[in-house]
Amino acid sequence: MTAGTSDNTGQHDSTYPGERLGLPRSGAGSIARIGRRIGALAVDLATATLIAYAFFPTLDEVTGFRYANPVASNLIFLAVQVLFIPTLGASPGHRLFGMRIVRVDGGWSGVWRPLVRTLLLALIIPAVIWDGDHRGLHDKIAGTVLVRG
């Protein structure tokens with residue numbers, strides 16, 4: 001079977017992530033790769049933690065050290081995703097690493113897709129189950145894809 005063809009099981013063979021979705025192999029509009037994704041996630045998590053540390057600190061009574069409230073940190077992270085994806089097309093971390101979230105057909109994600117995507121992201125497991133196009137289950141269910149900007 002040649003690359004890019006379908007067999008009788010309905011499976012579609014592809015030579016690179018995103019080919020089945022009609023996305024380019026590289027450059028703008030191509031599937032965002034793991035390095036960029038991890039970098040963006042680290043930026044978004046670190047930013048949420050710093051905000052939580054500044055506004056919602058928790059004091060360890062034994063050591064006397066302040067640390068970021070983990071519940072506040074997670075809620076801030078999720079709020080940033082829900083607010084920034086519909087308005088800017090990406091979280092601050094995504095933007096910093098040159099990525100954006102779009103519908104599979106390339107259009108604006110709308111409001112409900114980022115909300116569903118973020119709720120599933122909060123469960124963690126859907127985000128670590130990927131397909132051959134490097135789309136997490138949270139993106140597949142929401143009908144979105146993370147592409148290079």
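Which residues does Ala 48 touch, not counting residues up to four places away in sequence? In this predicted model, the answer is Ser 73, Ile 76 and Phe 77.

Start with Ala 48, then. This residue sits in helix α1. Its relative accessible area is 3%, under the 20% cut-off, so Ala 48 counts as buried. Along the chain, Ala 48 and Ile 76 are 28 residues apart, yet their C-alpha atoms are separated by 5.5 Å.

Both belong to the largest nonpolar core, which has nine residues. The most comes from α2, with four residues.

Neighbours within four places in sequence aside, Ala 52 has contacts with Pro 57, Ala 68, Asn 69, Ala 72, Ser 73 and Ile 76. There is another core, apart from the largest one, with six residues, including Ala 32, Ala 40, Met 99 and Ile 101.

Now the surface. A nonpolar patch is formed there by Ile 124, Ile 125, Val 128, Ile 129, Leu 137 and Ile 141. Together they have about 550 Å² of accessible area. The elements giving two or more residues to the patch are α5 (125-128) and α6 (137-142).

Take Leu 137, in helix α6.

How values were computed. Residues are numbered from 1 along each chain as its sequence is written. This is a predicted model: local features need pLDDT of at least 70, side-chain atom pairs count only at pLDDT 80 or more; totals for chains, interfaces and linings use all residues. Side-chain values use heavy atoms; hydrogens and water are left out. A nonpolar core is a set of buried Ala, Val, Leu, Ile, Met, Phe, Trp, Tyr and Cys residues joined through side-chain atoms within 4.5 Å. Buried means under 20% relative accessible area, exposed over 50%, partly exposed in between (1.4 Å probe, protein chains only). Contact means heavy atoms within 4.5 Å. Patches are made of residues with over 30% relative accessible area and no salt bridge: like charges are joined within 9 Å, nonpolar side chains (Val, Leu, Ile, Met, Phe, Trp, Tyr) within 5 Å. Accessible areas come from the Shrake-Rupley method with a 1.4 Å probe; for residues, only the protein chains shown count as cover. A salt bridge is a side-chain nitrogen of Lys or Arg within 4 Å of a carboxyl oxygen of Asp or Glu.
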